[in-house]
Amino acid sequence: LSASMYRWNMDASAEEEFAVEIPVMGDRLYEAKDVDVVVNKKDKSVRAGIKKQTPVLEGILFMGISDNTWQFEKRTQTITIHFEKSPTVPWPVIIMAPNAGKIDRQSLFHLGAAHETGQGYQLVPDGRKALSYYQESAQLEFPPALLRLAQIYTPGYSDLPPSLQSVVHPHADTAKAFFIKAAELGDATAQTQLAYALLDPACIRGTWEIDEVAAEGWARKAAAQGVQDAEFVLGNIAERGDQKRAVEHYRKAGDHPRALHRLGWLQAQGAGGLARDIPNAIAMFERARKLDPSLEIPPKSEIDKAAGLLGGVAW
């Protein structure tokens, strides 16, 4: 969470309550007495920040609230405003307007999401408005908007809602360009998806050449941010020449189903520094299958062949 971003904290089970977290940064640690928070229920305006400084967040709520309280966490230097609303009123979206009424890039993204599906705002889904808001946010280099556009323009993307299906014409090169921009801005999910696309262009129906070096570079950046999916990509690349290093990456991937599946094969082969252990390999396959039903548990004959056991082995 950077100083230029606020974050909603919504509890789906609590229809009447939600909160927004706002980080503050400065040359010293602030205390609650330094904080300035003003919420005007009448005109729906919100202002939060440090006294006598430019507010971190300033604007209006997309829809109104019935009450509010706030607190300041000194350790994380974060203001949290708790809002209450009627359960019949949709979730508000903060529209920041510190500069002559301009909408900030994060609010533009929220508005895009709201119009994409209605998202609890009692709005009729409107793909054109959603796309327009996402594009405006992306022009202001907001990584989540760039990532969403990359997903929207990815051919075969399974989660494209009906509101966007009629207004978007997916294209792999367009999707790749958005992934690159979001990745360059440090978005770990975009970095991982870009690594996949560079390693296997067909996964998003791309026609560019495979670039394993660039794929590994982006995967390393994402892995440094704790993305397990990126560790799987690194393991997949390493396995082509260094199975021991591949095992290290697959283990760092935790419960990533495909990483577990690859560990199962390596365990069956006794490769990558692993002792050959057929029962444990099968346990890996079963665990991977449980996490991702599309993954198959190989038949005994295939496992025996991979393990070099021509006559088979009793399990």
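1. Glu84 counts as partly exposed because its relative accessibility is 38%, where buried means under 20% relative accessible area, exposed over 50%, and partly exposed in between (1.4 Å probe, protein chains only). This residue belongs to strand E7, residues 78-84, strands being DSSP runs of E with at least two residues and helices runs of H or I with at least four, numbered from the N terminus.

2. The model is a predicted one, in which local features need pLDDT of at least 70 and side-chain atom pairs count only at pLDDT 80 or more, while totals for chains, interfaces and linings use all residues. Residues are numbered from 1 along each chain as its sequence is written, and side-chain values use heavy atoms, with hydrogens and water left out.

3. Helix H10 (residues 257-269) has 13 residues and reaches 19 Å from its first C-alpha to its last, close to the 18 Å expected at 1.5 Å a residue, that span being 1.5 Å times one less than the number of residues. Because 10 of its 13 residues are buried, H10 is largely enclosed by the rest of the structure; among the buried residues are Trp265 and Gln267.

4. Arg262 forms a salt bridge with Glu239, with the closest N and O atoms 2.3 Å apart (a side-chain nitrogen of Lys or Arg within 4 Å of a carboxyl oxygen of Asp or Glu). Arg262 lies in helix H10 and Glu239 in the loop between helices H8 and H9, so the pair ties together parts 23 residues apart in sequence. Glu239 is buried at 16% relative accessible area, whereas Arg262 is partly exposed at 24%.
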